[in-house]
Structure formats: structure tokens, C-alpha cells
Amino acid sequence: GTSTILTYPMDLLRARSAAEWTQRHGYVTMMRHLVAQEGVLGVFCGLSPTLMGIIPYGGLSFAAFHTAKAAVRGRMGLRRDEDIPVALRLAAGGLAGLVAQSCTYPLDVIRRRMQVHGSLYPSVRSAFVTIYRTEGLSKGLFKGITMNWVKGPISVSVSFVTNDLLRSWMGSLDAPLWELPAAAPAPTPTPTLAVAHGRQ
């Protein structure tokens with residue numbers, strides 16, 4: 001949540017520059033113009049649907065991923081997630097991304113609309129009602145979702161499997177570095193007695 005809030009102005013500028021591609025200005029110029037026209041709060045236009053989508057997206061994606069892995073384990077008779085082939089884990093991650101992004105996609109559409117046309121959509125509720133009444137579901141709230149189905153599941157599956165592999169690797173270590181025993185102290189050298197050999 002915190003990282004999303006801190007980096008959101010850059011996401012807003014990216015959306016504005018993509019929508020107004022005929023006007024080529026630097027980000028500093030765009031930021032000054034945005035603040036002058038809409039105020040400081042204007043750089044956070046569309047933040048509400050972004051924050052609203054974080055929790056359901058994360059919950060749905062993790063739940064779908066672990067449910068899919070449990071189904072694969074049961075079907076193949078495996079005991080651990082580490083025993084599932086990487087290809088099937090990628091498929092489970094892709095399915096999780098597909099489910100989560102499909103369920104939260106209307107919030108993504110509302111976010112983009114509020115970023116580009118903030119004056120037309122003063123709130124999430126008004127944006128949802130306006131888009132639904134004027135454009136419907138397939139051509140409004142779910143417009144462009146097919147392209148998201150191609151890009152989204154791939155990135156989600158790779159991130160989930162990478163996380164799984166890193167966790168397995170970390171778990172295979174004998175002990176974390178901060179719990180390794182300290183080196184044993186060096187033995188104290190035994191003093192030698194000097195024997196003087198005198199001539200008799």
C-alpha cells in the first residue's frame with residue numbers, strides 16, 4: 001500500500017502521456033501543469049480504485065494458486081509443493097493470475113478512466129455507474145480484458161514460481177547466516193621451556 005501511494009504520481013503521468021500521445025512533454029513539465037490545473041491532490045486521481053483492488057487481488061491470487069497446487073498434489077499423489085513439476089506450478093500460477101485479474105479488472109478500468117478523465121468521474125461509485133450505464137459490461141467495465149489475459153497470467157505465474165523456488169532454496173539451507181555458530185577460539189600455544197646447555 002505504501003509503495004503504491006508513493007509511486008502513484010508516476011503511474012498517473014504514464015497514463016496521461018499514453019492517452020495524450022500527440023503532446024510530447026517531459027514528466028517535470030507534465031507534473032507542473034497537472035498541479036497548476038488540478039492541485040496537489042490531482043496527482044493522486046484514481047488512487048482509490050487502485051487501493052481497493054490490492055487486497056482482493058492478492059487474496060484471490062494466493063488462494064487460487066495454493067488451491068491449484070493442492071489439487072495437483074492430490075491428483076498426482078505428492079506430499080509436498082516442492083515435488084510438483086515446475087511446468088505445473090507455472091500453470092497453477094497462470095490460473096491464479098487469470099482468476100484474480102478477471103475479478104478485479106473493473107477496478108483497473110475505473111482507475112485508468114479516473115487517471116485520464118478525472119473530472120468526469122469524481123468517485124469510484126460514479127465511475128462504475130456511468131461506465132456500466134453508457135457502455136455496459138463487455139464494452140465498458142471489461143473492455144480490453146482479453147489482452148490482459150495474455151500478459152497478466154504469464155507475469156503472475158513466473159513471480160509465484162520464483163517465490164516458491166526461493167522459499168524451497170532458503171528452506172534447504174542448514175541454518176540462516178545469522179544463526180551460524182561462532183568460530184571456535186584458537187588454541188592457546190603451550191609455552192616451551194628453554195633448556196640451557198652449559199659446557200662442563
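This is a predicted model: local features need pLDDT of at least 70, side-chain atom pairs count only at pLDDT 80 or more; totals for chains, interfaces and linings use all residues.
**Exercise 1. The overall fold**

Determine how many helices and strands the chain has, and in what order the elements run.

Solution. 
- Count the elements. The chain has seven helices and zero strands.
- The order is α-α-α-α-α-α-α.
- Check burial across the chain. Of its 200 residues, 30% count as buried.
- Finish with the surface. The accessible surface of the chain comes to about 14,100 Å². Carbon and sulfur atoms hold 64% of that area.

**Exercise 2. The setting of S61**

Locate S61, decide whether S61 is buried or exposed, and find what its side chain and its contacts involve.

Solution. 
- S61 sits in helix α3, which spans residues 47-76.
- Apply the cut-off. Buried means under 20% relative accessible area. S61 has 3% relative accessibility, so S61 counts as buried.
- Look for a polar partner. A polar atom of the S61 side chain lies 3.0 Å from the backbone oxygen of G58.
- Set aside residues up to four places away in sequence. S61 then touches A96, A100 and F160.

**Exercise 3. The setting of R113**

Work out which helix holds R113, whether R113 is buried or exposed, and which residues R113 is in contact with beyond its sequence neighbours.

Solution. 
- Find the helix. R113 belongs to α4, residues 86-116.
- Compare with the cut-off of 20% for buried residues. The relative accessibility of R113 is 17%, so R113 counts as buried.
- Leave out neighbours within four places in sequence. The contacts of R113 are then G118, Y121, I131 and E135.

**Exercise 4. A nonpolar surface patch**

Identify the residues of the nonpolar patch on the surface, trace the elements that supply them, and classify I154 as buried or exposed.

Solution. 
- List the members. V86, L90, I154, V158 and L165 form the patch. Together they have about 390 Å² of accessible area.
- Assign the elements. Those giving two or more residues to the nonpolar patch are α4 and α7, the latter covering 145-172.
- Helix α7 gives the largest share of the nonpolar patch, three residues.
- Pick one member. I154 lies in helix α7.
- Exposed means over 50% relative accessible area. I154 reaches 53% relative accessibility, so I154 counts as exposed.

Technical notes. Residues are numbered from 1 along each chain as its sequence is written. Side-chain values use heavy atoms; hydrogens and water are left out. Helices (H or I, at least four residues) and strands (E, at least two) are DSSP runs, numbered from the N terminus. Buried means under 20% relative accessible area, exposed over 50%, partly exposed in between (1.4 Å probe, protein chains only). A polar contact is a pair of N or O atoms within 3.5 Å; within protein, one must be able to donate a hydrogen and the other to accept it, and residues adjacent in sequence count only if both atoms are side-chain atoms. Contact means heavy atoms within 4.5 Å. Patches are made of residues with over 30% relative accessible area and no salt bridge: like charges are joined within 9 Å, nonpolar side chains (Val, Leu, Ile, Met, Phe, Trp, Tyr) within 5 Å. Accessible areas come from the Shrake-Rupley method with a 1.4 Å probe; for residues, only the protein chains shown count as cover. A salt bridge is a side-chain nitrogen of Lys or Arg within 4 Å of a carboxyl oxygen of Asp or Glu.
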